[in-house]
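I open this notebook to record what I looked up in the structure, entry by entry. The chain itself comes before the entries.

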Amino acid sequence: MVRQLYTAWTGMRNEQNRLDVIANNLANSATVGYKKEGVTSQSFDQQLMIKIRDASVDWRKEQIGTMSFGAKIGEIYTDYKQGSLRESGNTFDFAIDGDGFFAIRYTNANGQTSTQYTRAGQFTITQEGYVVDVDGNHLMAEGGPLQIPVNAADVYVDVAGNVYADGELVDTIILTDFEDYDYLKKFGETRCFPVNGAVEKEAAGMIRQGFTEQSNVNVISEMVNMIAITRAYEAGQKVIQTVDSTLEKATTLGSVS
(Lines give C-alpha, C1' and ligand atoms only; values in the text may rest on other atoms or scores of the structure.)
Protein backbone atom coordinates (compact mmCIF):
# COMPACT_ATOMS: atom_id res chain seq x y z
CA MET A 1 0.00 0.00 0.00
CA VAL A 2 2.75 2.43 0.92
CA ARG A 3 4.41 1.75 -2.42
CA GLN A 4 1.14 2.60 -4.20
CA LEU A 5 1.04 5.92 -2.40
CA TYR A 6 4.63 6.61 -3.39
CA THR A 7 4.04 5.69 -7.03
CA ALA A 8 0.97 7.95 -7.23
CA TRP A 9 2.89 10.80 -5.59
CA THR A 10 5.79 10.56 -8.04
CA GLY A 11 3.31 10.68 -10.91
CA MET A 12 1.68 13.80 -9.50
CA ARG A 13 5.03 15.46 -8.95
CA ASN A 14 6.05 14.57 -12.51
CA GLU A 15 2.86 16.15 -13.90
CA GLN A 16 3.50 19.26 -11.81
CA ASN A 17 6.96 19.63 -13.37
CA ARG A 18 5.46 19.18 -16.85
CA LEU A 19 2.87 21.82 -16.04
CA ASP A 20 5.60 24.27 -15.00
CA VAL A 21 7.29 23.86 -18.38
CA ILE A 22 4.05 24.41 -20.29
CA ALA A 23 3.19 27.45 -18.18
CA ASN A 24 6.59 28.96 -19.05
CA ASN A 25 5.96 28.27 -22.75
CA LEU A 26 2.59 30.02 -22.59
CA ALA A 27 4.09 32.96 -20.70
CA ASN A 28 6.64 33.41 -23.51
CA SER A 29 4.31 32.77 -26.45
CA ALA A 30 4.75 36.41 -27.49
CA THR A 31 8.49 36.65 -26.70
CA VAL A 32 10.58 37.33 -29.82
CA GLY A 33 12.99 34.48 -30.57
CA TYR A 34 11.72 32.22 -27.77
CA LYS A 35 12.05 28.46 -28.36
CA LYS A 36 9.55 26.26 -26.59
CA GLU A 37 10.61 23.57 -24.16
CA GLY A 38 9.35 20.01 -23.93
CA VAL A 39 9.50 17.25 -21.33
CA THR A 40 10.09 13.51 -21.46
CA SER A 41 9.18 11.12 -18.65
CA GLN A 42 10.75 7.88 -17.50
CA SER A 43 10.30 5.37 -14.73
CA PHE A 44 12.54 5.47 -11.68
CA ASP A 45 15.69 3.41 -11.82
CA GLN A 46 15.31 0.05 -10.10
CA GLN A 47 18.39 0.74 -8.01
CA LEU A 48 16.35 3.24 -6.00
CA MET A 49 14.32 0.39 -4.46
CA ILE A 50 16.64 -2.32 -3.15
CA LYS A 51 17.60 -3.92 0.12
CA ILE A 52 21.06 -2.85 1.23
CA ARG A 53 23.03 -4.97 3.74
CA ASP A 54 19.88 -6.81 4.83
CA ALA A 55 20.40 -9.90 6.99
CA SER A 56 17.33 -11.59 5.53
CA VAL A 57 19.14 -11.99 2.20
CA ASP A 58 22.62 -12.72 3.56
CA TRP A 59 23.70 -9.08 3.43
CA ARG A 60 23.30 -8.92 -0.34
CA LYS A 61 21.71 -6.12 -2.35
CA GLU A 62 18.34 -7.30 -3.62
CA GLN A 63 15.57 -5.60 -5.56
CA ILE A 64 12.32 -5.15 -3.64
CA GLY A 65 9.41 -6.54 -5.67
CA THR A 66 8.62 -6.16 -9.36
CA MET A 67 6.18 -3.24 -9.35
CA SER A 68 6.83 0.13 -10.96
CA PHE A 69 8.71 2.56 -8.76
CA GLY A 70 6.97 5.63 -10.12
CA ALA A 71 7.90 8.27 -12.68
CA LYS A 72 10.30 11.17 -12.98
CA ILE A 73 11.31 13.81 -15.50
CA GLY A 74 13.65 12.24 -18.03
CA GLU A 75 14.73 15.39 -19.87
CA ILE A 76 13.69 18.99 -20.40
CA TYR A 77 14.65 19.82 -23.97
CA THR A 78 14.39 22.85 -26.25
CA ASP A 79 12.66 22.72 -29.63
CA TYR A 80 14.70 24.92 -31.97
CA LYS A 81 12.19 24.79 -34.81
CA GLN A 82 11.94 28.16 -36.56
CA GLY A 83 9.10 30.49 -35.64
CA SER A 84 7.19 32.68 -38.07
CA LEU A 85 8.73 35.93 -39.32
CA ARG A 86 6.87 39.16 -38.66
CA GLU A 87 7.62 42.40 -40.46
CA SER A 88 8.31 45.30 -38.12
CA GLY A 89 9.95 47.78 -40.46
CA ASN A 90 12.50 48.73 -37.79
CA THR A 91 16.02 49.25 -39.08
CA PHE A 92 17.68 47.23 -36.34
CA ASP A 93 15.23 44.34 -36.20
CA PHE A 94 16.83 41.25 -37.74
CA ALA A 95 15.42 37.76 -38.25
CA ILE A 96 17.26 34.64 -39.34
CA ASP A 97 15.49 32.81 -42.14
CA GLY A 98 16.89 29.28 -41.80
CA ASP A 99 19.42 27.73 -39.44
CA GLY A 100 21.87 29.71 -37.34
CA PHE A 101 22.23 32.05 -34.38
CA PHE A 102 23.31 35.63 -33.78
CA ALA A 103 26.47 35.84 -31.65
CA ILE A 104 26.34 38.34 -28.81
CA ARG A 105 28.91 39.41 -26.23
CA TYR A 106 27.48 38.80 -22.77
CA THR A 107 28.92 40.50 -19.68
CA ASN A 108 28.08 39.08 -16.26
CA ALA A 109 27.84 40.90 -12.93
CA ASN A 110 31.59 40.43 -12.34
CA GLY A 111 32.49 42.07 -15.63
CA GLN A 112 33.51 38.79 -17.29
CA THR A 113 32.57 38.48 -20.96
CA SER A 114 31.55 35.44 -22.99
CA THR A 115 29.88 34.69 -26.29
CA GLN A 116 26.27 33.58 -26.26
CA TYR A 117 23.86 32.84 -29.08
CA THR A 118 20.31 33.88 -29.78
CA ARG A 119 17.54 33.98 -32.37
CA ALA A 120 15.98 37.08 -30.80
CA GLY A 121 16.77 39.84 -33.26
CA GLN A 122 15.30 42.93 -31.62
CA PHE A 123 18.30 45.25 -31.51
CA THR A 124 18.80 48.94 -30.87
CA ILE A 125 21.71 51.32 -31.32
CA THR A 126 23.52 53.13 -28.50
CA GLN A 127 24.77 56.71 -28.48
CA GLU A 128 28.20 55.38 -29.41
CA GLY A 129 26.76 53.51 -32.40
CA TYR A 130 26.96 49.99 -30.98
CA VAL A 131 24.15 47.59 -31.88
CA VAL A 132 22.85 45.89 -28.73
CA ASP A 133 20.02 43.56 -27.75
CA VAL A 134 17.24 44.34 -25.25
CA ASP A 135 19.60 43.49 -22.36
CA GLY A 136 22.44 45.68 -23.64
CA ASN A 137 24.60 42.83 -24.98
CA HIS A 138 26.62 43.68 -28.09
CA LEU A 139 25.83 42.05 -31.44
CA MET A 140 29.01 40.53 -32.80
CA ALA A 141 30.35 41.04 -36.31
CA GLU A 142 33.52 39.88 -38.03
CA GLY A 143 35.38 42.96 -36.77
CA GLY A 144 34.09 42.66 -33.20
CA PRO A 145 31.04 44.34 -31.64
CA LEU A 146 29.01 45.85 -34.48
CA GLN A 147 29.31 49.62 -34.50
CA ILE A 148 27.51 51.94 -36.89
CA PRO A 149 28.65 55.53 -37.59
CA VAL A 150 26.41 57.69 -35.42
CA ASN A 151 25.84 60.18 -38.24
CA ALA A 152 24.72 57.53 -40.76
CA ALA A 153 21.42 58.45 -42.38
CA ASP A 154 20.74 55.08 -43.98
CA VAL A 155 21.65 51.62 -42.65
CA TYR A 156 21.10 48.55 -44.81
CA VAL A 157 21.81 44.89 -44.06
CA ASP A 158 21.69 42.34 -46.87
CA VAL A 159 20.78 38.65 -46.53
CA ALA A 160 24.46 37.70 -46.12
CA GLY A 161 24.80 39.96 -43.08
CA ASN A 162 26.83 42.72 -44.76
CA VAL A 163 26.10 46.01 -43.04
CA TYR A 164 26.14 49.21 -45.11
CA ALA A 165 25.98 52.73 -43.70
CA ASP A 166 25.18 55.37 -46.33
CA GLY A 167 26.28 52.90 -49.00
CA GLU A 168 29.63 52.07 -47.38
CA LEU A 169 30.36 48.55 -46.06
CA VAL A 170 30.85 48.76 -42.29
CA ASP A 171 31.10 45.12 -41.16
CA THR A 172 29.46 41.70 -41.53
CA ILE A 173 27.19 40.21 -38.89
CA ILE A 174 28.31 36.79 -37.64
CA LEU A 175 25.91 33.87 -37.92
CA THR A 176 26.90 30.64 -36.18
CA ASP A 177 25.33 27.19 -36.28
CA PHE A 178 26.04 23.89 -34.53
CA GLU A 179 26.10 20.25 -35.58
CA ASP A 180 23.96 19.09 -32.67
CA TYR A 181 21.70 21.39 -30.64
CA ASP A 182 21.76 18.91 -27.75
CA TYR A 183 25.11 20.48 -26.87
CA LEU A 184 23.52 23.91 -26.33
CA LYS A 185 22.48 24.97 -22.85
CA LYS A 186 19.71 27.50 -22.47
CA PHE A 187 20.42 30.75 -20.65
CA GLY A 188 17.48 32.94 -19.76
CA GLU A 189 14.53 32.82 -22.13
CA THR A 190 16.12 33.45 -25.54
CA ARG A 191 19.88 32.89 -25.23
CA CYS A 192 22.05 29.78 -25.12
CA PHE A 193 25.71 28.81 -24.99
CA PRO A 194 27.64 25.72 -26.15
CA VAL A 195 28.91 23.08 -23.73
CA ASN A 196 31.71 20.53 -24.11
CA GLY A 197 31.15 18.52 -27.27
CA ALA A 198 29.51 21.31 -29.28
CA VAL A 199 30.81 21.56 -32.85
CA GLU A 200 30.32 24.77 -34.80
CA LYS A 201 29.45 24.78 -38.47
CA GLU A 202 28.68 27.37 -41.12
CA ALA A 203 25.20 28.82 -40.78
CA ALA A 204 22.91 28.41 -43.78
CA GLY A 205 20.38 31.01 -42.64
CA MET A 206 19.83 34.42 -44.22
CA ILE A 207 19.27 37.70 -42.39
CA ARG A 208 16.03 39.57 -42.99
CA GLN A 209 16.24 43.23 -41.99
CA GLY A 210 13.05 44.77 -40.65
CA PHE A 211 11.67 41.42 -39.45
CA THR A 212 11.58 39.56 -36.13
CA GLU A 213 11.23 35.83 -35.51
CA GLN A 214 8.27 35.07 -33.31
CA SER A 215 8.05 32.39 -30.62
CA ASN A 216 7.51 28.87 -31.97
CA VAL A 217 4.99 28.11 -29.21
CA ASN A 218 1.62 26.81 -30.44
CA VAL A 219 -0.75 28.17 -27.81
CA ILE A 220 -3.61 25.81 -28.70
CA SER A 221 -1.36 22.74 -28.51
CA GLU A 222 0.04 23.85 -25.16
CA MET A 223 -3.45 24.40 -23.76
CA VAL A 224 -4.50 20.90 -24.85
CA ASN A 225 -1.41 19.46 -23.14
CA MET A 226 -2.21 21.43 -20.02
CA ILE A 227 -5.70 19.88 -19.86
CA ALA A 228 -4.24 16.37 -20.29
CA ILE A 229 -1.71 17.01 -17.52
CA THR A 230 -4.41 18.29 -15.20
CA ARG A 231 -6.45 15.13 -15.73
CA ALA A 232 -3.40 12.93 -15.08
CA TYR A 233 -2.70 14.89 -11.88
CA GLU A 234 -6.29 14.38 -10.74
CA ALA A 235 -5.96 10.64 -11.46
CA GLY A 236 -2.98 10.51 -9.11
CA GLN A 237 -5.02 12.28 -6.44
CA LYS A 238 -7.80 9.70 -6.76
CA VAL A 239 -5.29 6.86 -6.38
CA ILE A 240 -3.96 8.37 -3.16
CA GLN A 241 -7.48 8.94 -1.82
CA THR A 242 -8.46 5.34 -2.65
CA VAL A 243 -5.38 3.83 -1.04
CA ASP A 244 -5.79 6.08 1.99
CA SER A 245 -9.39 4.93 2.38
CA THR A 246 -8.34 1.28 2.05
CA LEU A 247 -5.65 1.71 4.71
CA GLU A 248 -8.14 3.34 7.03
CA LYS A 249 -10.56 0.43 6.67
CA ALA A 250 -7.77 -2.13 7.13
CA THR A 251 -6.69 -0.36 10.30
CA THR A 252 -10.25 -0.35 11.63
CA LEU A 253 -10.83 -4.04 10.86
CA GLY A 254 -7.49 -5.04 12.30
CA SER A 255 -7.84 -3.13 15.54
CA VAL A 256 -8.19 -5.08 18.80
CA SER A 257 -11.22 -4.26 20.93
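This is a predicted model: local features need pLDDT of at least 70, side-chain atom pairs count only at pLDDT 80 or more; totals for chains, interfaces and linings use all residues.

I then checked Ile240 against Thr7, and found that the two are 233 residues apart in sequence while their C-alpha atoms are 9.3 Å apart in space.

Entry on salt bridges. How many salt bridges does a search of the whole structure find? The search finds 6, and I followed several of them through the chain.

I began with Glu15 and Arg18, whose side chains meet in a salt bridge at 3.0 Å, N to O. Both residues lie in helix α1 (residues 2–27), where they are 3 residues apart, about one turn of the helix. Is Glu15 buried or exposed? Glu15 is buried, because its relative accessibility is 11%, whereas Arg18 at 26% is partly exposed.

I turned next to Glu213 and Arg119, which form a salt bridge with the closest N and O atoms 2.8 Å apart. This pair links distant parts of the chain, since Glu213 sits in strand β21 (residues 211–213) and Arg119 in the loop between β8 (113–118) and β9 (124–125), 94 residues apart. Glu213 is buried, with a relative accessible area of 0%, and Arg119 is buried as well, with 6%. Salt bridges that share partners bring Lys35 together with Arg119 and Glu213 in one network.

I then looked up Lys186, which forms a salt bridge with Glu37, the closest N and O atoms being 3.7 Å apart. Here too the pair links distant parts of the chain, with Lys186 in strand β17 and Glu37 in strand β1 (residues 37–43), 149 residues apart.

Entry on strands. Staying with Lys186, I asked which residue it stands opposite in β18. The residue is Cys192, and the strands β17 and β18 (residues 191–194) run antiparallel, joined by 4 bridges. Their hairpin has 3 residues between the strands, and Gly188 takes a positive phi near 70 degrees there.

I moved on to β16 and found two pairings for this strand. Strand β7 (residues 101–107) runs antiparallel to β16, with 2 bridges between them, and Phe102 has Leu175 as its bridge partner in β16. Strand β19 (residues 200–202) also runs antiparallel to β16, this time with 3 bridges, and the partner of Asp177 in β19 is Lys201.

Asp180 counts as partly exposed because its relative accessibility is 33%.

Definitions and conventions: Residues are numbered from 1 along each chain as its sequence is written. Side-chain values use heavy atoms; hydrogens and water are left out. Buried means under 20% relative accessible area, exposed over 50%, partly exposed in between (1.4 Å probe, protein chains only). Two strands pair if DSSP finds at least two bridges between them. A salt bridge is a side-chain nitrogen of Lys or Arg within 4 Å of a carboxyl oxygen of Asp or Glu.
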